[in-house]
Amino acid sequence: MRLHRTACLVFASMLGVAVTSSALAEQEDKAATTVSDQAESDDSNHNSEAQAIQVGDVLTVKLDALLPTQPVLAFDRVFASLGRYEARPAQMFDDLCLTNGGKGVKAWDDQSQPTDLESYTCEEPLGSNQDALPTVLLAPDGKTLYLLSGHHILTTFWDMPNGGTSVPVKVKVTQSLAGDDIDEVWNAMKEAGQIWLFDTRGEKIKPSELPEYLGMKQLKHDKYLSLVFFLRNIAYSDPDKGKTANPLIRPMSVPYLQYHWAQYLRKKMKVSDYDLNDRDEYTAALKEAAAIIVAAADDETIASSGKTAKELGQFDEVNTKALDSLLTRPTSSWSYALAYRQREKEESTPKRILEEQKAKKESAKKAATPADSEKSEN
């Protein structure tokens with residue numbers, strides 16, 4: 001204010017105007033009021049920005065704006081989708097429309113790109129079916145978004161050849177923790193089953209160790225989870241069989257139901273004993289896993305779920321008809337996943353090593369044949 005008073009006196013002197021102390025005081029009060037009003041306006045704008053995102057909002061964001069709340073994925077679930085997209089490109093746009101709340105794809109052409117929402121048309125306006133959208137949680141800073149559902153399908157969009165970090169998707173804000181303490185947030189999310197803090201070895205991790213982005217380079221492959229994914233409706237099913245708005249984001253009645261079964265299998269079998277790039281060995285792994293799930297005692301608590309086998313949808317016996325269909329149908333999710341992963345391996349592994357692996361495997365099979373024959377005769 002002193003600088004302001006001096007400036008006023010100099011200005012008055014230059015103009016030859018007699019400025020009274022009362023007038024100066026009035027000017028100072030007016031200026032102070034203006035500054036105060038401006039400050040309140042700035043605070044109001046700041047608060048408005050902080051509160052801009054509300055629960056229930058549907059946002060359009062790019063994939064790299066979403067933070068994962070789990071460190072693992074069933075890679076073969078992603079491979080199954082990628083294999084389908086190669087066989088039928090329209091399926092990709094169908095999945096994009098469905099996941100963006102627009103039902104199925106209505107029109108697309110060779111110029112359509114998943115990175116451009118305007119390049120293809122869905123049966124309904126994007127965002128119309130909010131129940132089909134991936135869900136997010138607004139972090140304490142009021143702007144960071146944690147992904148609560150849709151890790152697999154959004155990773156598929158991230159890793160598909162014409163996808164990537166800039167694929168736009170619509171998400172729905174289902175929770176807001178703006179202004180809360182971050183440690184309390186993590187604890188609340190763990191209690192509510194909204195975060196999965198176990199790595200590929202089944203060991204606990206800290207929230208700070210969660211991946212920074214989606215995608216298969218950040219999230220790791222839990223092979224047991226891949227087995228469990230394929231065994232739905234074969235060895236178990238969701239106890240609550242209510243219709244879902246988006247089968248690509250299938251909410252389970254028990255949070256992380258499939259992940260708990262994967263934890264259980266990790267204690268009962270060694271998936272490393274099987275080469276999941278080999279059709280016969282992958283088949284054997286699935287059959288062993290299915291047998292283990294149905295053999296669990298009805299009242300046995302499964303892993304860290306706090307639920308019994310029956311509460312996690314365990315079947316009394318393996319649905320062999322569904323299993324045979326999975327293993328023999330060319331268009332099953334398993335067939336697409338296996339074909340995709342085999343090709344990925346061939347493209348990324350030197351031919352010499354592939355030939356050595358094949359020869360070693362054939363030699364092992366021949367060595368095991370006499371013993372197996374003798375055992376069967378006895």
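User: Is C122 buried or exposed?
Analyst: C122 counts as buried, at 8% relative accessibility. Buried means under 20% relative accessible area, exposed over 50%, and partly exposed in between, with a 1.4 Å probe and protein chains only.

User: What kind of model is this?
Analyst: It is a predicted model: local features need pLDDT of at least 70, side-chain atom pairs count only at pLDDT 80 or more, and totals for chains, interfaces and linings use all residues. Residues are numbered from 1 along each chain as its sequence is written, and side-chain values use heavy atoms, with hydrogens and water left out.

User: Which residue forms a disulfide with C122?
Analyst: C97 does, with the sulfur atoms 2.1 Å apart. A disulfide here is a pair of cysteine sulfur atoms within 2.5 Å. The search of the whole structure finds 1.

User: What parts of the chain does the pair link?
Analyst: Distant ones, 25 residues apart: C97 is in helix α4 (residues 89-99) and C122 in strand β5 (residues 121-122). Helices (H or I, at least four residues) and strands (E, at least two) are DSSP runs, numbered from the N terminus.

User: Is the link of C97 and C122 left-handed or right-handed?
Analyst: Left-handed, with -80 degrees about the S-S bond. C97 is buried too, at 0% relative accessible area.

User: New topic. What is the strand order in the open sheet?
Analyst: β1-β8-β6-β7-β2, with mixed pairing. Two strands pair if DSSP finds at least two bridges between them.

User: Which strands stand at the edges?
Analyst: β1 (58-62) and β2 (66-67). Each has a single partner strand, so one side of each is left without a neighbour in the sheet.

User: How many bridges between β1 and β8?
Analyst: 5, in the antiparallel sense, with β8 covering residues 168-176. One of the bridge partners is K170 in β8, for T60.

User: Now helices. How many residues of α8 are buried?
Analyst: 10 of the 12, so α8 is largely enclosed by the rest of the structure. Among them are W261, Y264 and R266.

User: What do the buried residues of α8 pack against?
Analyst: β3 (72-73), α3 (75-87), α5 (151-159), α7 (223-230) and α9. Contact means heavy atoms within 4.5 Å.

User: What should the 17 residues of α9 span?
Analyst: Helix α9 (residues 279-295) should span 24 Å at 1.5 Å a residue, and its end C-alpha atoms are 24 Å apart, which agrees. The expected span is 1.5 Å times one less than the number of residues.

User: Which residues of α9 are buried?
Analyst: They include Y282, L286 and I293.
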